[in-house]
Every structure is written in C-alpha cells, then in structure tokens.
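I open this notebook to keep track of what I look up, one entry at a time. The sequence and the structure come before the entries.

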Amino acid sequence: MNVQSALAALTGEKLPFSLDLLPDPVYVVGGAVRDALLGRQSPYLDLDFIVPQKAVEIARGIAQQCRAGFVILDPERNITRLVFAQGTVDFAQQDGESLETDLNRRDFRMNAIAYNPRTQELIDPLKGQQDIEEGVIQAISKHNLKNDPLRLLRAYRQAAQLNFTIKPHTRSLIRKLAPHLEQVAAERIQQELNYLLNSPHSHTWFQAAWDDHILPMIFPDLKAKHLQTLEPIEQAAWLVGKIWTDLDQQLQQPFHHQSLSGLSLAKLVSLLPQKPNTATRQLEKLKYSRAEIRAASLSLRYLPHLLNFIKQPMSLEEQYFFFQEVGDTFPIVTILAIALAAHQDIIRETRFVGIIAPLINAYLDPNSLVAHPTPLITGNDLIEQLCLSPSPQIGELLTQIQLARIKGQVHTKEEALNFAQLWLRRQA
C-alpha cells in the first residue's frame with residue numbers, strides 16, 4: 001500500500017460513517033496521519049478529526065445517527081469521542097483561528113500534519129514529514145511542552161514505539177521542564193507509562209527518561225542500578241519463549257484483562273521499591289488496578305524464594321505452598337528471577353533456567369498436583385463422614401490431605417478419610 005492509498009484508507013471503508021456527515025473543511029490529524037505515512041497499520045480504528053466549529057454538535061449528531069457511544073472528553077476544549085465496535089473517532093474544535101495555528105500548538109512536528117479526506121491534501125507547515133523520513137522526534141516549542149507536561153513522557157513512549165530518536169534540543173527542553181510532570185493527573189501518566197512498558201526493547205528509552213530526569217518524577221525511590229535489570233528481563237523472556245511457548249504466550253497476554261502484559265508487569269516491578277508495602281503505595285498513587293498491584297506485591301514477596309532455589313531446592317510441600325501463594329503471577333516472578341540471577345551474577349541465566357525447569361513444567365501441567373491441586377475430598381465430606389463440627393481445623397485437615405496426596409500417600413477418597421482419622425488422633 002503506497003502513502004496515498006494508506007491516507008485514503010483512513011476515511012475510506014474503515015470509517016464507520018459517511019464523509020457526507022462531516023462539515024467542509026474537516027481534517028484528520030495526529031498519530032493516524034503519521035502512521036499512514038510510516039506504513040504502520042492497526043486493526044483498531046483510532047482517528048482524530050478537527051473541525052472549525054461545533055465539534056460537540058457534529059459528533060453528537062453522528063453518534064445518534066450511527067448509534068455509537070458518545071463521550072465528552074474535554075468540555076472546555078470541545079473534544080468528544082465516538083465509540084464504535086472497531087475503535088474510536090475523536091472530534092476536536094480547531095484551536096485558534098486557522099488550521100495552521102492549531103497545528104503549531106501540538107506536541108511534535110511529526111504529529112502536526114493534517115490530511116483533508118475530501119481533497120486528499122496533506123497540510124504540513126512544520127515539516128513533520130521530514131522528521132518522519134529521518135526518524136526523529138522534535139518538539140514544536142517549549143511552550144507547547146509546558147502547556148501539557150504529559151508530552152514530556154510521551155516523547156520517550158513514541159520513540160520506543162516508532163524506533164525513532166529524540167532530537168538533542170528537544171531532550172534539553174524536556175530536562176528543563178521535567179518538574180512540571182508533577183502537574184499531570186496520575187491516570188494520564190499511567191497510560192503513557194503502560195505504552196512504554198508494552199513496547200519491545202523499551203529499556204533504552206527508560207534509561208533516556210532517567211537521564212533526562214523524567215523517571216524520578218514518577219518513581220521517587222528508583223535508583224540507576226534498577227534500570228539495568230530491564231534489558232535482562234526482555235532477554236529472559238526471549239529465552240523462556242524459546243523453551244516454553246505456553247509460558248511465553250501467558251507473558252505476552254494482558255494480565256487479568258488489564259492494560260499491561262505479564263512481561264510489562266515484570267518490567268514495572270523492577271522499577272519499584274523492593275519492599276512490597278512501599279511498592280503498593282507507589283502503584284496506588286499511579287492508579288493501577290487491584291489486580292496489577294496484587295501481582296506486583298506477590299512478585300516482590302516471592303521473588304527471593306525463587307532466587308534462593310539456586311542454593312536450596314524446595315521440597316514438594318514448599319512447592320505446593322509456593323504455587324498456592326503466587327498463583328497466576330508465577331510467570332512474572334519467574335522472568336524476574338531469571339533476569340536478576342543473570343544481572344547480579346548469581347548464576348548464568350541458562351543454568352538457572354535448567355534449575356527451575358521442574359517448577360515451570362509443573363506450572364504448565366494442568367494435571368500437576370503440586371501446582372494445580374484438585375480436591376479429592378471436601379470439607380462437607382469430612383464433616384459428614386467423621387462427624388466433625390465446622391471449624392478452622394477443617395481447612396488445615398484438607399491441606400494435610402493434599403500434602404499427603406502429592407507425596408503419594410493418599411490416592412482415593414477412602415484413603416483420604418482414613419488419613420484424616422489418623423491425623424485427628426495424632427492431634428488429640
């Protein structure tokens with residue numbers, strides 16, 4: 001697909017409404033135009049239109065006619081969003097008296113290109129196409145960055161996603177304006193951070209964000225040495241993927257339907273304080289979900305257990321309790337352990353992978369009684385068959401039966417009941 005075809009496709013068959021519903025003039029702006037010029041295609045619709053006036057009224061009318069979701073994102077700036085099954089379309093009122101004024105108020109030159117779908121004309125007053133061809137990110141002005149300090153973090157995210165570089169002058173502006181990031185809502189920071197975490201080979205741009213004083217504004221307890229574990233985490237994931245495809249697939253999938261994949265969560269954990277409670281407070285401040293916070297806390301709490309596995313292998317009983325605690329965060333803890341073992345020169349990562357292979361194989365085996373125990377007997381069975389009263393002792397008894405089962409001492413329900421009777425006598 002050539003550039004002209006890619007641009008035309010933005011408002012062709014993929015557009016979920018007719019161009020006739022739009023005023024004249026109307027322009028597509030921002031990332032969609034940039035990505036079309038780069039030949040980047042997304043399965044999801046993500047368009048930004050600007051119109052000279054009445055943006056809210058136009059969007060509301062289209063939403064009613066097409067039965068689309070309608071949200072006002074910014075009432076002061078007249079920015080709205082239409083939600084369709086295949087993606088979103090945003091409408092904004094032109095900022096200033098002309099299109100060129102609007103484009104001059106944007107973040108980076110590569111994002112300040114407009115496309116007129118009716119005339120198929122590109123409007124590029126700031127030479128954004130030149131930056132795209134050169135693979136560079138260049139701020140339009142210091143004022144524009146200061147006007148919305150989230151743009152400071154966005155520079156690194158887009159550099160990672162596009163494999164671009166940030167111009168030295170722009171990085172200099174970012175360093176000077178870094179303290180202004182404190183003005184940005186935590187939810188917005190988290191979104192940009194997640195985009196960066198989900199980008200492959202993001203370690204380079206995390207380091208750049210640290211050098212330019214951006215990361216300390218987000219992670220106040222972060223040390224330079226902690227950044228050095230990001231690349232080993234990516235390498236560990238690659239190594240695990242070569243051996244265990246199923247584990248790699250779990251790491252690449254969104255964790256509990258959240259914004260971050262398992263691998264990205266591992267990267268995030270490496271940027272946090274090593275004390276789970278302190279890490280939890282930082283993630284709460286950044287408005288992460290309960291599922292993500294729980295996964296990070298569990299990873300930090302049980303990471304030492306896996307690292308200690310080098311010196312002292314776990315017994316079957318210890319493995320059982322370990323899997324019961326870490327649950328589906330096991331892939332995250334595993335990647336962190338492999339990366340840290342290699343980074344801290346505790347042991348070569350390939351050798352460590354061999355050492356913890358039995359744990360990984362158990363986790364991936366749905367029939368493993370150690371990692372995925374199934375109940376041989378229930379609490380009600382114990383109460384009815386042994387004439388017991390409901391109490392915490394029932395839970396302890398069920399645990400002891402499971403432990404006996406993974407050791408090969410119990411195989412049937414009848415054997416479980418006999419074991420329970422014997423255990424109770426010993427406790428009397």
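**Entry 1: an arginine in a helix**

I began with R154, which I found in helix α7, a run covering residues 150–162. I kept in mind throughout that this is a predicted model. Is R154 buried or exposed? I noted a relative accessible area of 16% for R154, and because buried means under 20%, R154 counts as buried. Leaving out residues up to four places away in sequence, I saw that R154 touches D107, R188 and E192.

**Entry 2: the sheet**

Next I traced an open sheet of seven strands, whose order I wrote down as β3-β4-β5-β2-β1-β6-β7, with mixed pairing. Which strands stand at the edges? They are β3 (69–74) and β7 (121–123), and since each has a single partner strand, one side of each is left without a neighbour in the sheet. I also noted that neighbouring strands are turned by 30° against each other on average, with direction ignored.

At the β7 end I looked at the pairing with β6 (residues 114–116), which is antiparallel and runs over three bridges; in one entry of my list, N116 has E121 of β7 as its bridge partner.

**Entry 3: helices on the sheet**

Helix α2 (residues 31–38) packs on this sheet, where I found it touching β1 (27–29), β2 (45–51), β6 and β7, and its direction makes about 75° with that of β1. Helix α3 (residues 55–66) lies across β2, β3, β4 (79–84) and β5 (87–93), and I recorded that α3 runs at about 15° to β4.

**Entry 4: a bent helix**

I then turned to helix α20 (residues 349–364), which bends by about 55° at I356, with the proline P358 following within four residues. Its buried residues include F352, V353, I356, L359 and Y363. What do the buried residues of α20 pack against? I found α13 (230–243), α14 (245–252), α17 (290–308), α18 (316–326) and α19 (330–343).

For I218, setting aside neighbours within four places in sequence, I listed contacts with L153, L181, I189, L193 and L286.

Technical notes: Residues numbered from 1 in each chain as written. Predicted model: local features only at pLDDT ≥ 70, side-chain atom pairs only at ≥ 80, totals over all residues. Heavy atoms only, no water. Pairing = 2+ DSSP bridges. Helix = DSSP H or I, 4+ residues; strand = E, 2+ residues; numbered from the N terminus. Axes fitted to C-alpha atoms, helices over the stretch in contact; angles between N-to-C directions. Contact = heavy atoms within 4.5 Å. Bend = angle between axes of the 7 residues up to and from the residue. Buried < 20%, exposed > 50% of the residue type's maximum accessible area, 1.4 Å probe, protein only.
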